[in-house]
Amino acid sequence: MASNETHHTLDRPEFDKPVKVLIVVAPYYKDIADQLVAGAVAEVEAVGGWHEVVQVPGALEVPTAIGIAERLSNFDAYVALGCVIRGETTHYETVCNDSSRALQLLGLQGLCIGNGILTVENYEQARVRAEAAGQNKGGGAAAAALHLLALTRKWGGSRKGVGFVPFGEDTQIAGTTKDPDIA
């Protein structure tokens with residue numbers, strides 16, 4: 001039984017520069033989502049960070065919102081929150097697997113993401129995992145995002161984009177330069 005197990009928790013990271021975190025939540029089970037958000041907010045504030053909370057319709061939209069924010073905003077880290085409870089159809093597997101896979105792919109691209117989307121068999125399991133005074137996986141997801149951000153800053157900070165760096169200050173289009181050595 002999980003309640004008899006002991007788990008090691010890393011010390012909370014410290015930051016010398018401001019931390020800006022986007023918390024994206026799917027409030028389908030609003031009371032569960034509210035508890036997850038409360039835990040995430042408390043964790044971000046504990047390191048002196050700033051946060052914004054946005055809502056999306058469901059767990060499948062959480063990774064998309066994070067991807068949009070990464071392209072169009074300037075957040076340092078992201079917290080994905082929501083709850084998926086098994087139903088009578090295979091939709092549960094689709095939502096759980098696809099949202100988790102999309103978040104993992106964003107993480108592998110360098111985004112600092114904590115995944116707090118609960119995937120449970122029943123409401124009671126969700127309630128236990130979301131309870132602010134208990135396990136609160138929202139706080140755990142925020143802690144994960146903050147630890148990844150601390151590693152990112154330790155190893156050189158963020159580098160936006162993938163691929164080449166344009167020559168000089170301005171982006172040049174091939175064929176528009178008079179210098180034959182520059183494409």
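Helices (H or I, at least four residues) and strands (E, at least two) are taken as DSSP runs and numbered from the N terminus. The model is predicted, and local features therefore require pLDDT of at least 70, side-chain atom pairs count only at pLDDT 80 or more, and totals for chains, interfaces and linings use all residues. Residues are numbered from 1 along each chain as its sequence is written, and side-chain values use heavy atoms, with hydrogens and water left out.

Helix 5 spans residues 137–154 and contains Leu148. Together with Leu151 and Trp155, Leu148 makes a nonpolar surface patch of about 320 Å². Leu148 counts as partly exposed because its relative accessibility is 36%, the class between buried (under 20% relative accessible area) and exposed (over 50%; 1.4 Å probe, protein chains only).

Strand 3 (residues 77–85), by contrast, is mostly covered, with nine of its nine residues buried. Ala77, Val79, Leu81, Cys83 and Ile85 are buried on one side of strand 3, and Tyr78, Ala80, Gly82 and Val84 are buried on the other.

Strand pairing requires at least two DSSP bridges between two strands. Strand 3 pairs in the parallel sense with strand 1 (residues 20–25) over five bridges, and Val79 of strand 3 stands opposite Ile23. Strand 4 (residues 113–120) also runs parallel to strand 3, joined by eight bridges; here Ile85 stands opposite Val120 of strand 4. A right-handed β-α-β unit is made by strand 3, helix 3 (residues 91–108) and strand 4, the path from the first strand over the helix to the second running clockwise with the strands pointing away from the viewer.

Note on methods:
Patches are made of residues with over 30% relative accessible area and no salt bridge: like charges are joined within 9 Å, nonpolar side chains (Val, Leu, Ile, Met, Phe, Trp, Tyr) within 5 Å. Accessible areas come from the Shrake-Rupley method with a 1.4 Å probe; for residues, only the protein chains shown count as cover. A salt bridge is a side-chain nitrogen of Lys or Arg within 4 Å of a carboxyl oxygen of Asp or Glu.
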